[in-house]
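Colleague: Please take a close look at one part of this model, the pocket lining, and follow it into its surroundings. One connected answer is enough.

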Amino acid sequence: MWFSKREMWQIVKRGKELAIEKGEIEDIVFNACSRNMYTVDEVILQLEKWEQVRRLGFPSLFANLEEFNEFGGLLKGLAKEWGLPDGRIYVQGSALRMGDINHVGDLDITIRVSNEEFINLLNRFERMLEAPNMLKQIGQNGKIGGTIMFKTKERTTSFIKEFYTRFSLYYSNRTAPKFDINKVQISIIAEGSVLDLSPYLKL
């Protein structure tokens with residue numbers, strides 16, 4: 001989907017009215033163009049949804065800010081245990097842009113790091129791996145993620161699988177957020193990489 005000059009003007013105008021940062025407008029438009037599936041009106045709705053989420057402080061997949069913060073605390077605690085940057089964990093993707101939660105794909109969680117930190121984490125991960133097929137998958141497009149994330153011969157589970165387990169235990173006697181935990185996707189993303197796309201909402 002490529003937008004005309006007038007359509008781009010409409011998008012940028014609405015973004016400015018909502019006081020959305022220039023880089024966030026650009027990334028939302030880039031995402032729309034790369035997916036080739038959104039009209040100009042749908043992109044404007046995404047801007048409006050992001051403004052609402054930013055103002056409230058939590059995505060629509062969560063009932064309230066307390067529930068969102070509780071989820072974030074669980075994730076940050078596990079990240080710290082695994083030696084991952086727990087202070088730079090964000091929600092990214094469709095959960096911040098889509099008004100209808102039925103149109104939200106995965107709940108994308110990003111641990112955002114500098115290029116230097118990314119290389120260090122990549123080297124740390126590679127030294128612990130044995131399977132060549134796993135080595136081929138990590139670090140592509142500035143990303144470490146998926147079900148293999150830090151799954152090694154020393155660890156019998158990956159980071160994300162451990163999070164699923166912790167989530168289930170934590171909410172065994174509490175009211176859990178109303179979304180499919182298996183749709184939570186956690187990745188480490190290098191700043192400035194092709195997948196480093198705003199908006200971001202810090203956990």
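**The largest pocket and its surroundings**

Modeller: The lining of the largest pocket is made up of 12 polar, 11 nonpolar and 6 charged residues (Ala, Val, Leu, Ile, Met, Phe, Trp, Tyr, Cys and Pro count as nonpolar, Asp, Glu, Lys and Arg as charged, and the others, Gly among them, as polar). The model is predicted, so local features need pLDDT of at least 70 and side-chain atom pairs pLDDT 80 or more, while totals for chains, interfaces and linings use all residues. Residues are numbered from 1 along each chain as its sequence is written, and side-chain values use heavy atoms, without hydrogens or water.

The largest pocket holds about 640 Å³ of space (a pocket is an open set of points on a 1 Å grid where a 1.4 Å probe fits, with protein on both sides within 12 Å along at least five of seven lines; lining residues have an atom within 4 Å of a point; the volume is the space filled by probe spheres set on the points, which are joined across faces, edges and corners). Its lining has 29 residues, and Asn31, Arg35, Gln92, Gly93 and Asp108 are the closest to its centre. Helix H2 (22–35), strand S2 (107–113) and strand S4 (184–190) each give two or more residues to this lining (helices, H or I with at least four residues, and strands, E with at least two, are DSSP runs numbered from the N terminus). The largest share, 6 residues, comes from H2.

Gln92, one of the residues closest to the centre, belongs to strand S1 (residues 89–92). Both faces of S1 are covered: Tyr90 and Gln92 are buried on one side, Ile89 and Val91 on the other (buried means under 20% relative accessible area with a 1.4 Å probe, protein chains only). S1 pairs with S2 in the antiparallel sense over 4 bridges (pairing takes at least two DSSP bridges), and Ile89 has Ile111 as its bridge partner there. S1 also pairs with strand S5 (residues 200–202), again antiparallel, over 3 bridges; here Tyr90 stands opposite Lys202.

Pro85 is buried because its relative accessible area is 17%. Leaving aside residues up to four places away in sequence, Pro85 touches Ile111 and Val113 (contact means heavy atoms within 4.5 Å). Pro85 and Val113 are 28 residues apart along the chain, with 7.7 Å between their C-alpha atoms.

Leu61, Ile101, Asp106, Leu107, Lys178 and Lys183 are among the residues that line the second largest pocket. By class, that lining has 5 nonpolar, 2 polar and 4 charged residues.

How values were computed:
Buried < 20%, exposed > 50% of the residue type's maximum accessible area, 1.4 Å probe, protein only.
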